[in-house]
Amino acid sequence: MDDKEFFRAVAERARLSRQEAADLTRATLETLALRLSYGEARDIARELPEPLRVSLQRERGEMQIFGADESIRRVRGRTGLSASEADRGVRAVLGTLQEAVSRREFEHAMAQLGKEYAQLVEAAR
């Protein structure tokens, strides 16, 4: 899946324009990068197209701990989307990410993110 296909899938799932989906995708991946360990963010990035990899880059150090609601709030702040658009959008990005990377890497990421994030993925189906 290339970046344009990724954005198109997010746009369709979230019912947003492609530009909004691209901004949303970057904001969601940047937020996830803070929430994942450095190694896991790097591993997920390796399986994504180059334009998306930069959104998962972060400094070494401890990951931040915050829940799914805080992730959505942060994405909303970065994108200017409404609360419902950001909620749908984060779900759409996670659902598309699940399709874009290997099952193994996605499961590793979800193990770090926890049950709240798994519920977001389930709702994206």
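1. A search of the whole structure, which is a predicted model, finds 2 cavities of 30 Å³ or more. A cavity here is a set of points on a 1 Å grid over the protein atoms alone where a 1.4 Å probe fits but cannot get out, and its volume is the space filled by probe spheres set on the points, which are joined across faces, edges and corners.

2. The largest cavity has a volume of about 40 Å³, and its lining residues, those with an atom within 4 Å of a point, are L32, L36, I44, L56, L94, L97, F106, A109, M110 and L113. Helix 6 (83-100) and helix 7 (103-113) are the elements that give two or more residues to this lining, with the largest share, 4 residues, coming from helix 7; helices are DSSP runs (H or I, at least four residues) numbered from the N terminus.

3. By class, the lining of the largest cavity has 10 nonpolar, no polar and no charged residues, where Ala, Val, Leu, Ile, Met, Phe, Trp, Tyr, Cys and Pro count as nonpolar, Asp, Glu, Lys and Arg as charged, and the others, Gly among them, as polar.

4. The second largest cavity holds about 30 Å³ of space and is lined by T28, T31, L32, S71, I72, V75, V90 and Y117.

5. Residues are numbered from 1 along each chain as its sequence is written. Totals for linings use all residues, whereas local features need pLDDT of at least 70 and side-chain atom pairs count only at pLDDT 80 or more.

How values were computed
Side-chain values use heavy atoms; hydrogens and water are left out. On a 1 Å grid over the protein atoms alone, a cavity is a set of points where a 1.4 Å probe fits but cannot get out, and a pocket is an open set with protein on both sides within 12 Å along at least five of seven lines; lining residues have an atom within 4 Å of a point.
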